[in-house]
Amino acid sequence: MTKSLRDGVLAHAKAVAMSLVAASLVAACGGGGSGPAPAPSTIGAAGGSVSGPNGAQVVVPAGALAVDTAIAIEQSSAGSPALPAGLTTYGAMFAFTPHGTAFATPVTVTVPFSASSVPAGATPVLYKTNAAGAWEQVAGATLNAGTMTAQVTSFSWLIGGNSPPQITVRPVDVAVVEPAAASFTVSALGAPPFFYQWQRSDDGGMTFVAIAGATGTSYTTGATTVAADNDDRYRVLVSNIEGVTTSSAARLTVTATVVVPTITGQPQSVSVATGGNASFSVVATGSNLVYQWQKNGAPIAGQTNASLTIGNAQPADAVSYTVVVSNLVAGSAVNSVTSNAATLTLTAPAAGTWQQLGGALDVGPAGSAGRDLFAAVALDLAGNPVVAWKGRIVGPGTSTNVLHVKRWDGTAWVQLGGNLLLDSARNGGSYSTPSIDIEPTTGQPVVAWSEQSSRTSTAGALGAFDVIVKRWNGSAWQQLGAALNVDANAGAVYPKLRASNFGSLMVAWWETPNFTAAKFWTGTDWITFGAQGLVSTQPTGSQDLFQTALTVDGSGNSFVVFGAPTGPLAAQGSGNGWALLGNGSPRSTSAAAYAWSVANDALGRPMVLLLTRDVQSTAADATAVYVRRLENGTWRDFGPPLLTADRNTVPSTIAISVPYDTSNPIIAIGSGGAGGVPPGPFVQTFATWDGAAWQAFAPNLDDPCLLAVRANPATPISAAPVAACVRSAGDEDIVVYRLAP
């Protein structure tokens, strides 16, 4: 502050003190007035003038009023709005009435003020109230000795005074392209003269530093660069004799000079085996480039890199691909250029061949049907498949539900113990596909399934169901413990059974309608981990086929993946109960995951295969299949998506397996039109991870299949994977294939 301004402030303080004394004397003599209120004067369309106390006056020009109006001027503050904070007044307040009177043309008002109260160097400002009841500065007021004269268009209270600067136009954000300069401007009302000081912040507005010489109503930077000036903030301090007001900060955005994109390397057409991976790439020059790949001219959601990889390529992928390259400027893609088209051509898979083992495994006589979509399959310690499936035998006026288990002995299928007829004491219904595994200490199969109970249920349409577990002892089936359930009124369905390499058995299931449960076999009884019978206490939400996924690693650790309202969750069981893994969710995506399968690699890391569908999207990749692996507590994508499909090719079934002592998963994906399941067109594809990319693992099959691989160190390394499929035509027979080189 200059010496003259400082002297003015001191004089102003003395003047304020004097005005306060005067105000108190006025209050002692009768409050807000100077005597009896003057009589109103009537002014009409011809105009006229009205005088008030101490030289107050209004001059009304002809035509300003349409009707006769009784106008009065009184030295009074009675009923006026509170004065603005920081406003110093110079003299009394005057009421021009009737309040709110509006004039067709401006009228001239004269308002007295106390000239002795004005500090040296300060200029009085006239203030009035507006229709909203707020105080505002009257622009263009002129001074003449002890009065201020101005034009107004409505009546209100008026008073002379001064206040700190009121910023009416603040600095606004500016965006420039380097090296252009940026300009910021401010406007303020209040008592002149004003003093300005612009400031700059280069730490996001935390601290500001004065800019030397920047003391005007506007400030213009020098030449800008992204490195030095982008995201800086600018503000200004406006001061007068009454105080200092700081503006809000404006942000400067500096972008690089735009160099339009030029494609120097076009995408090339490729040819891969069906089920393999196809890659396209583009090379382009330009500034701040962004990419958008297109399939037959339609954008592919999420494909915004310089390269595009199509995993598990299928006939629907054998089309034309282009990429649009653009500059990204202020959040928008501009100066776009489209590449030449590249095509994907598919050839026959280069994998081995499927060889059928024996004949079809009939569910029953002609006219009967296998009432399930899948057959569960596992490899025994000799590398031979053991198959379990649920069916129904139909006779004259009868229908019997049965569970079949057969083992391949190297030359033929041998049924183990005949059909497992459902308990006659029960209602005879079975809700879901059985689950099978091999007990490593005996080499015998163990089967789990869901069976309807004779109990009365209040759990809804599914009724009461129990999980039954039986083990083959070489000559007969023996039930392990009692039927499994947690809630007697619920339905225990979708069981998954797994055996560890130490011989322990684990079973997990969905207890409708609200939670997932799991228990392990001690040799004499089924018990929980710790005292916790539920994998998760939160509601799991609705589930679908294969929605309970279970695996047990080489150390005996159990992993369960189950459904929840927010998406699939993964949990690990231990002696202390169940704990969610990797923040709980194996997949974080806007698309809803509606099917999943789990396995673990040689290091014990769970790998989850997820089938997702964005039900709100019409994009080409509205459906996709992902593999995620838990690595150091975080779920990470394992390679690119295995499959993306539009709404005409709907993946419906998935399964993942990892051969013992490896980290390379093998996956099976079933998809097709007309809902994705028989009798519509169906294709079962297989892929494996070769250490660097997803590759076709085996030729496609035409029916829904589950895959079994070597899962135990006692099983020969040479044991080839097998696929158990439900033939979609005819009687829905079970057909088993072994993969040959």
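Across the whole structure, a search turns up 13 salt bridges. Keep in mind as you look around that this is a predicted model. Here is a friendly tour of three of these pairs, with a look at where their partners sit.

**Lys 128 and Glu 136**
- The side chains of Lys 128 and Glu 136 come together in a salt bridge, with 3.9 Å from N to O.
- Lys 128 is buried, since its relative accessible area of 6% falls under 20%.
- Glu 136, on the other hand, is partly exposed, with a relative accessibility of 32%.

**Asp 229 and Arg 200**
- A salt bridge also joins the side chains of Asp 229 and Arg 200, at 3.3 Å from N to O.
- Asp 229 belongs to helix 2 (residues 226–229) and Arg 200 to strand 17 (residues 195–201), so this contact ties together parts that lie 29 residues apart in sequence.
- Asp 229 is buried at a relative accessible area of 9%, whereas Arg 200 is partly exposed at 28%.

- Asp 601 and Arg 629 form a salt bridge through their side chains, and the N to O distance is 3.5 Å.
- This pair links distant parts of the chain, 28 residues apart: Asp 601 is in the loop between strand 51 (592–600) and strand 52 (606–613), while Arg 629 is in strand 53 (residues 623–631).
- Both Asp 601 and Arg 629 are buried.
- Through salt bridges with shared partners, Asp 601, Arg 605, Arg 629, Glu 631 and Arg 636 make up one network.

How values were computed:
Residues are numbered from 1 along each chain as its sequence is written. This is a predicted model: local features need pLDDT of at least 70, side-chain atom pairs count only at pLDDT 80 or more; totals for chains, interfaces and linings use all residues. Side-chain values use heavy atoms; hydrogens and water are left out. A salt bridge is a side-chain nitrogen of Lys or Arg within 4 Å of a carboxyl oxygen of Asp or Glu. Buried means under 20% relative accessible area, exposed over 50%, partly exposed in between (1.4 Å probe, protein chains only). Helices (H or I, at least four residues) and strands (E, at least two) are DSSP runs, numbered from the N terminus.
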